[in-house]
Each structure stands twice: as structure tokens, then as C-alpha cells.
Amino acid sequence: MTDTATPMNAAATGDWEVVIGLEIHAQLATRSKIFSGSATEYGASPNSQANLVDLGYPGVLPVLNAEAVRMAVKFGLATGATIASTSVFARKNYFYPDLPKGYQISQYERPIVERGSLEILLEDGTHKVVGITRAHLEEDAGKSMHEGLLNSSGIDLNRAGTPLLEIVSEPDMRSAKEAVSYLKKMHTLVRYLEICDGNMQEGSFRCDANVSVRRRGAEKFGTRCEIKNVNSFRYVEKAINYEVLRQIDVLEGGGTIRQETRLYDSAKDETRPMRSKEEANDYRYFPDPDLLPVVIAADFIDSVRATLPELPDQKAARFAAQYGLQIYDAGVLTASRELANYYEAVVQKLAGDALGAKLAANWVMGDFSGFLNRDGLELAAAKVSAESLAGLLIRIIDQTISGKIAKDVFEQMWADGSDADVVIEAKGLRQITDTTEIEQAIDNVMAANSNQLNDYRSGKDKLFGFFVGQVMKATGGKANPAQLNELLKKKLSA
Amino acid sequence: MSLTRKDVEGIAHLARLEISEAQLPVYVESLSKILSFVEQLNAAQTTGVEPMAHPLAGEAQRLRPDEVTEQDQHVKYQANAVSVAAGLYVVPKVIE
């Protein structure tokens, strides 16, 4: 038996190889629904955005949203996929209260996008190409609510009919980490393409994971379980890891895996089988007679291609080349378009300085991103503008302040949005670069610490750091570090 | 083609229809007859014929500009709902 408390790594799965495929539902950022003129705004009062088409009233006719088609094509082009010249909508039949028509309009035999791929960066620095089997357009269902209702559920159909792009991967991933890496990359891509806002909390970007295990070297896949709707990167990883160990436990105990849909319970960190939908696997798909085949002309595809932005991989490669960054750092900086634009705006203000690009990278990835995370802020809400951060970095470059003092200045800038120069002046943080002044401080420290001085001179080199610290303390951290080092060395060995 | 009793029970469940013991054999027989009738289509030679998704051959789906054209009319729409509370349609409890 495998110990379920063992942290996941290759050794933990021993003889077993993990096989994962993901189905991602990306809510397309259209103003209106996929088949009706209802608004798609999040958080509206219940059922205020559900009209006759969304409610499945008899006699209504769905009409396809052109923007949803354009977005699907854009996604297909960005993943090097084939765009179907003719694609077909089908009805997926099942009963559920949040699905008023009794069927979901989806695509089955002829999806709009097929055979694409996405490259991910693995932990060991190598790249891996994950295949995209297909991506199809479909409508979302409504939402069920149970709180405050006794023996009944409340249905809000505002979400019913919201356009989704379901992106189905090949079973190409071999660990939860790879799956998360793919998921993050896809999240980055759909936001670059501006086809999805990527808001996982609001359910705009959701993921189901198909997980199975097989003996290493085995050709046939094991029986898979589908884990439904896990809504954060962290939970996707935990849910998959739990499920992998559960399956290995069952198999090593001589049991068999039942193909089923399971839900991840983040509070208990476990997956358990879903109660319903088990026998509903017979969806009886058939082409929707209300919708004609969607014909996509080559010139339309060309016009969409012309609107493709610089994609994450292209941008990261350019950043690495143009700014002399490590590819990993370039990847971090280009994880969102907003962060990449911010970084480039900072670099532009530092134009001409060879160290500027690297310094800016460290600050944008370090303190700036760290503070955004700490405060749970979107980049747009940060009080430190790109221009303002550049102002701070210029003061590091021209040695007005040290990198260490800069962190304190940044803290103040973050809190009240003031400029670096204002903070430096107000707090008197200007670095001491006057040689006489630093020498004076060194002399004082040497005089006050004659024992340490003797020890140092008799070979205790390590005490150098002690003297640096003492002089820094005496100058309020403002002595220019490079100058201090140089002068101190001279004086100590004099 | 003939259906079994179990087939009919399965179909009834998928369609959420309640069929009594007495009715079951009637459905088994009549549904089987319908299938056998339709089965004659299998005699048609369809090799090399591309399946049609729609009888309107050559027509393409019209697209709609992405504009919000609908107003909130939920009070009107909910007038014929069995039960409504706080703007929600209320149904027998569904749990996962």
C-alpha cells in the first residue's frame, strides 16, 4: 500500500505512470450570450439576464453570436490548430434543473477547432508539447443554489447560454505539476488573446481533469476518473495528487478502478464520487436542427490572423534576447500581458542603461509582484506606476540610494503613491557618497572597536563584515556600499 | 430490431417518463416495430455519401452581432413558474 501522506514525486508513484488529460472551459468574453441577446455580466440579480431563448421557451430560435466564432478561431490560430471550414452544433441531452431545454447546445462530431498544441516549460527547464485534441463552442448551464432553502434548490439562469470554449487536451501530461503548468499556460494564452478574462473565482476559467494510472511501460491506458470543476491551480494539483494515490491504492490492493465522475472536496483534500449523472452518460448527441452548419471562409480566418497579438512564447523569447534575461525570468514577466507591458514601460524609462533591463526585471518580479500578491491586488490597482518605479531604479543606478534603502522607499511609494525622489528627500535617505564623510564614520568605528580591530589585523578576516555593519549602522544605512567596502579595506589594512 | 424490457426501462428513465408494469410490454412491442420500420433505411447504399447535418443543404448559419438586445423581464417570465423565491426558480432539492 502506498502511504497517502507521502508527498508526490516520481518515487511516490513507484511502478505507476500517471496519465492526465484536461478539459478546460473558458468563458468567452462576449457582451451577449452565444445564442441570444441577453447580457453576460457577472453578478447580476438572479434571472435578470435570462430571456426566452435562454429559458428554453417553445418556438424560439437560437442565433449564433459572431464574436464567439471569431474568438474560437483566434484561439485555434494561436495554438496552430486546424479551423474547420464547416462545423456543426449538436444537442447533448440530459435532465438537470439548471438546463431548461433538457439539452445543451454543444459541438460533437465537427468542432470548430481541432489538432492544436501548446508548449509548456517543465521544472527541469525542458519544454514539452501538449496536444490539443479539439476546442468547441457550447453554451453554459445555469447555477443551482441550496443555501437558505429547505428541501429545495434555487435556480439562477443568468449563466445559461453564456458562451464557452471547451478545450480538450490529449492525455499527454504525466504529473500533477505538468497539468498545472499546462493549465497556467492556457490561462495566460486566453488572456493574451483577450477571449476570456480568466477569472477562476467567478468561474470564467474552469477545469476538469481526467486521471488514470498504468504500470510503467504498459501501452494501454488505465481506467480513468474525471475530477470535475476544480477552481484554482493549487486545488487542481492537490486533487490530481489525491486521485493518483487513491487509484494506485485500489490497484495495488487488487481492486479495479470504476470509470466515474468525482468531485474534489478542498476542505477534506479528497475526491469522492458524484451522486448523479452516473447513468446520464448516454447523452444521445444529434445535430441541432435549429442551427445550420457554421461555414468559415479562408479570408475570415486571414482577417482574424491579422489581429493576433504577440503570443506569450514569442514575447518571452523576445524579452530574453532584447533585454538579456534568463528564459525563465522572461517567462515570469510575460505570464500576463499587463505585467509584460508594465515591465517594458519601466525599461523604456531606463533607456540606455545596460543594467536597467536586468534591474527592472528583478524589481518587477520581486518586490512589485510580491506586493501585488501580498495585497491581493490587480496590477491596474497598484499605486506605483511604471514611470514611478523607473524613477526609483534611476536613483539606484545613479547611486543616490542603495538597493537596500530602495526597498524601504518602495514600501512608502506602494503605500501612498508618492514619487521616489519625494520619499528620499523627505526621509533624508540620500546615499552618502562623500568619501570624507564615509572615512570619518570608519575612523569612529575603528576607534570604538579596538579589540576587533586587533583581531582583524591578526588574521580574523571574517570581522570585515562586522565593520561594514557598524559603519552602516553609524550612517543609518546610507553609506554607498561599494565605496564603503573599498575605503574600509584600505583603512583596516593600513 | 427488437428491444428488450430493460432497453425500454432505460429509455423511459432517460426521458424521465414513468411507465407502469401494464404499459411496459406495449411499449416494448410498439417501439420495436417503429425501429424495424426505420431499419429499412439501412438498405440504402450510402457509401461515399457525406452525412448531412441539416436538410437545408448549402445554407450556412447566419451570425448575430455581439449586442445586448434583451431587457430584464424575469417577473413576467416567472409568472408561470411553479415556485419562485428571491428571483430564483425553486425546484425540488438537487444535490451533488
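A:Thr30 is found in the loop of chain A between strand E1 (16-27) and helix H2 (52-55), where helices (H or I, at least four residues) and strands (E, at least two) are DSSP runs numbered from the N terminus. The model is a predicted one, in which local features need pLDDT of at least 70 and side-chain atom pairs count only at pLDDT 80 or more, while totals for chains, interfaces and linings use all residues. Residues are numbered from 1 along each chain as its sequence is written, chains are lettered from A and ligands numbered from 1 in the order in which they are written, and side-chain values use heavy atoms, with hydrogens and water left out.

With a relative accessible area of 5%, A:Thr30 is buried; buried means under 20% relative accessible area, exposed over 50%, and partly exposed in between (1.4 Å probe, protein chains only). A polar atom of the side chain of A:Thr30 lies 2.7 Å from the backbone oxygen of A:Ser32. Apart from neighbours within four places in sequence, A:Thr30 is in contact (heavy atoms within 4.5 Å) with residues including A:Thr40, A:Asn65, A:Pro163 and, from the other chain letter, B:Asp66.

Not counting residues up to four places away in sequence, A:Thr162 touches A:Gln27, A:Lys33, A:Ile34, A:Thr40, A:Glu138, A:Glu139 and A:Asp140.

A:Glu138 leads on to A:Ser106, since the side chains of these two residues make a polar contact at 2.9 Å; a polar contact is a pair of N or O atoms within 3.5 Å, of which, within protein, one must be able to donate a hydrogen and the other to accept it, and residues adjacent in sequence count only if both atoms are side-chain atoms. A:Ser106 is found in strand E6 (residues 103-106) of chain A and counts as buried at 2% relative accessibility. Among the residues in contact with A:Ser106, leaving aside neighbours within four places in sequence, are A:Val88, A:Phe89 and A:His136.

In helix H6 (residues 298-305) of chain A sits A:Ile301, which counts as buried at 12% relative accessibility. Beyond residues up to four places away in sequence, A:Ile301 touches A:Val73, A:Leu77, A:Ile83 and A:Ile296.

What describes two packed helices? They are described by the angle between their axes and the distance between the axes. Helix H4 (residues 176-192) and helix H5 (residues 233-252), both of chain A, pack at an angle of about 150 degrees with axes 9 Å apart; axes are lines fitted to C-alpha atoms, for helices over the stretch in contact, and angles run from 0 to 180 degrees between N-to-C directions. That angle makes H4(A) roughly antiparallel to H5(A), a term for angles over 145 degrees. The contact involves residues including A:Val180 and A:Leu183 of H4(A) and A:Val236 and A:Ile240 of H5(A).

For helix H15 (residues 450-457) and helix H16 (residues 463-474) of chain A, the axes come within 9 Å and cross at roughly 145 degrees. Here A:Gln452, A:Leu453, A:Asp455 and A:Tyr456 in H15(A) meet A:Leu463, A:Phe464, A:Phe466 and A:Phe467 in H16(A).

Methods. Angles under 35 degrees count as roughly parallel, over 145 as roughly antiparallel, 65 to 115 as roughly perpendicular and the rest as oblique.
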